[in-house]
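Colleague: I am new to this structure. Please walk me through how to read it.

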Amino acid sequence: MLKLYAMFLTLIFLVELVAAIVGFVFRHEIKNSFKNNYEKALKQYNSTGDYRSHAVDKIQNTLHCCGVTDYRDWTDTNYYSEKGFPKSCCKLEDCTPQRDADKVNNELIGIFLAYCLSRAITNNQYEIV
């Protein structure tokens with residue numbers, strides 16, 4: 001019984017290892033696919049609550065960002081020309097969606113902080129605790 005358990009653990013480990021290798025090899029294709037699909041979801045965004053619009057709102061609320069690269073991605077959409085930024089772009093809880101860029105989340109600060117965190121982790125990776 002113990003051998004069977006060890007065999008299942010080994011099998012799960014190998015599947016995870018293969019998935020990690022495939023994800024690393026195809027990371028650029030995966031990134032481009034996510035980016036293209038997210039851009040398409042922004043173009044088709046509406047406030048009626050379909051699953052794509054709900055996913056865009058959930059991503060923007062969770063990650064505190066707005067758009068694919070920044071808030072200017074919304075300026076090319078039909079939703080922006082009619083109503084401005086969606087509510088999920090707002091920095092504040094009680095803001096109303098307006099066309100003011102200073103009231104929406106900006107991803108540049110997050111990118112900078114992620115880079116700093118990545119660099120700190122890389123620099124401290126080989127440090128002995």
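Modeller: Start with burial across the chain. Of the 129 residues of the protein chain, 20% count as buried. Keep in mind that this is a predicted model.

Colleague: How much surface does the protein chain have, and what share belongs to carbon and sulfur atoms?

Modeller: The accessible surface is about 10,300 Å². Carbon and sulfur atoms account for 63% of that.

Colleague: How many helices and strands are there in the protein chain?

Modeller: Five helices and zero strands. Along the sequence the pattern reads α-α-α-α-α.

Colleague: What share of contacts joins residues at least 24 apart?

Modeller: Take the contacts between residues at least 6 apart in sequence. Of these, 39% join residues at least 24 apart.

Colleague: Which residues of α2 are buried?

Modeller: Burial here means under 20% relative accessible area. In α2, Tyr38, Ala41 and Leu42 are buried. Seen down the axis of α2, the buried residues fall within an arc of 100°, so they line one face of the helix.

Colleague: What do the buried residues of α2 pack against?

Modeller: They pack against α3, residues 51-63.

Colleague: Let us turn to the core. Which members of the largest nonpolar core touch the most other members?

Modeller: The core has 13 residues. Those touching the most other members are Leu42, Tyr45, Val56, Cys66, Trp74, Phe85 and Cys89. The largest share, three residues, comes from α2.

Colleague: Leaving aside neighbours within four places in sequence, what is Leu42 in contact with?

Modeller: Leu42 is in contact with Val56, Gln60, Gly67, Val68, Asp73, Trp74 and Thr77.

Colleague: Gln60 is on that list. Is Gln60 buried or exposed?

Modeller: Check the relative accessibility. Gln60 lies in helix α3. Gln60 counts as buried because its relative accessibility is 0%, and the cut-off is under 20%.

Colleague: Which side chain makes a polar contact with the side chain of Gln60?

Modeller: That of Trp74, at 3.1 Å.

Colleague: Where is Ser53 found?

Modeller: Ser53 is in helix α3. With 1% relative accessibility, Ser53 counts as buried. Beyond four places in sequence, Ser53 is in contact with Gln44, Tyr45 and Asn46. The side chain of Ser53 reaches the backbone oxygen of Asn46 at 2.9 Å.

Colleague: What separates the C-alpha atoms of Ser53 and Leu42?

Modeller: Look at sequence and space together. The two residues are eleven apart along the chain, and their C-alpha atoms are separated by 7.8 Å.

Colleague: Last one. Where is Pro86 found?

Modeller: Pro86 is in the loop between α4 and α5 (107-123). Pro86 is buried, with a relative accessible area of 0%. Pro86 and Asp57 are 29 residues apart along the chain. Their C-alpha atoms are separated by 8.1 Å.

Note on methods
Residues numbered from 1 in each chain as written. Predicted model: local features only at pLDDT ≥ 70, side-chain atom pairs only at ≥ 80, totals over all residues. Heavy atoms only, no water. Core = buried A, V, L, I, M, F, W, Y, C linked by side-chain atoms within 4.5 Å. Buried < 20%, exposed > 50% of the residue type's maximum accessible area, 1.4 Å probe, protein only. Helix = DSSP H or I, 4+ residues; strand = E, 2+ residues; numbered from the N terminus. Contact = heavy atoms within 4.5 Å. Arc of directions from axis to C-beta. Areas by Shrake-Rupley, 256 points an atom, 1.4 Å probe, with all protein chains shown as cover. Polar contact = N/O pair within 3.5 Å; in protein donor to acceptor, adjacent residues only side chain to side chain.
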